[in-house]
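Please keep the structure open while reading.

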Amino acid sequence: MPHLKIEANQGNWLDLYDNDNSLFEGYDAIVVSIADWKYEKYLNSLVLKHELSSVIFTWLEPYAVAGHSFITSGNGCLNCYMNTHGQFFHAVSEFHSRGH
C-alpha cells in the first residue's frame, strides 16, 4: 500500500509523548498493541480529552484464541468496555482451571 505513510517509534510511548507530544499529531489513527492496561487506559483518556484523534487498540485473548480491535475516536471509550483490571467484558473464550 504505497499511498500509506507509516511511522514507527521504539520505546515507551509515554516517554515519547512527554518528550515531544507533536509526534502524536497529524495522524488519522494510532495503532496500539502494547497490551498493558495502565498505558492503554491513559491513552484512552487522551482521546477523550481530544488530545489524540483516533486510537486503534488491539489485543489477544489468553492462549491467542481470539483477537480484538477497538477504535476510539471522538468520544469512543475503551475503558467503558473493560473492568478495573483491563479485562474486556465481551471475551470470546473462557478458561477455567481444573482442580486436582
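Glu40 sits in helix 2. The model is a predicted one. Glu40 is buried, yet it forms no salt bridge. Its nearest side chain of opposite charge belongs to Lys41, 10 Å away. A salt bridge would need a side-chain nitrogen of Lys or Arg within 4 Å of a carboxyl oxygen. What does Glu40 touch, leaving aside residues up to four places away in sequence? The contacts are Val32, Ile34, Ala35, Phe57, Thr58 and Leu78.

Now the pockets. Rolling a probe the size of a water molecule over the atoms shows where empty space is left.

| Pocket | Volume | Lining by class |
|---|---|---|
| Largest | about 760 Å³ | 15 nonpolar, 5 polar, 3 charged residues |

The largest pocket has 23 lining residues. Nearest its centre lie Glu7, Ala8, Asn9, Ile30 and Val31. Helix 1 (13-19), strand 1 (30-32) and helix 2 (37-48) are the elements that give two or more residues to this lining. Strand 1 gives the most, with 3 residues.

Which residues lie nearest the centre of the second largest pocket? They are Trp59, Pro62, Gly86, Gln87 and Phe88, out of 16 lining residues. Helix 2 and strand 2 (54-60) each supply at least two residues of that lining.

Key
Residues numbered from 1 in each chain as written. Predicted model: local features only at pLDDT ≥ 70, side-chain atom pairs only at ≥ 80, totals over all residues. Heavy atoms only, no water. 1 Å grid on protein atoms, 1.4 Å probe; cavity = no way out; pocket = protein on both sides within 12 Å on 5 of 7 lines; lining within 4 Å. Points joined across faces, edges and corners; volume = space filled by probe spheres on them. Helix = DSSP H or I, 4+ residues; strand = E, 2+ residues; numbered from the N terminus. Nonpolar A, V, L, I, M, F, W, Y, C, P; charged D, E, K, R; others polar. Buried < 20%, exposed > 50% of the residue type's maximum accessible area, 1.4 Å probe, protein only. Lys, Arg positive; Asp, Glu negative; His and termini not counted. Contact = heavy atoms within 4.5 Å.
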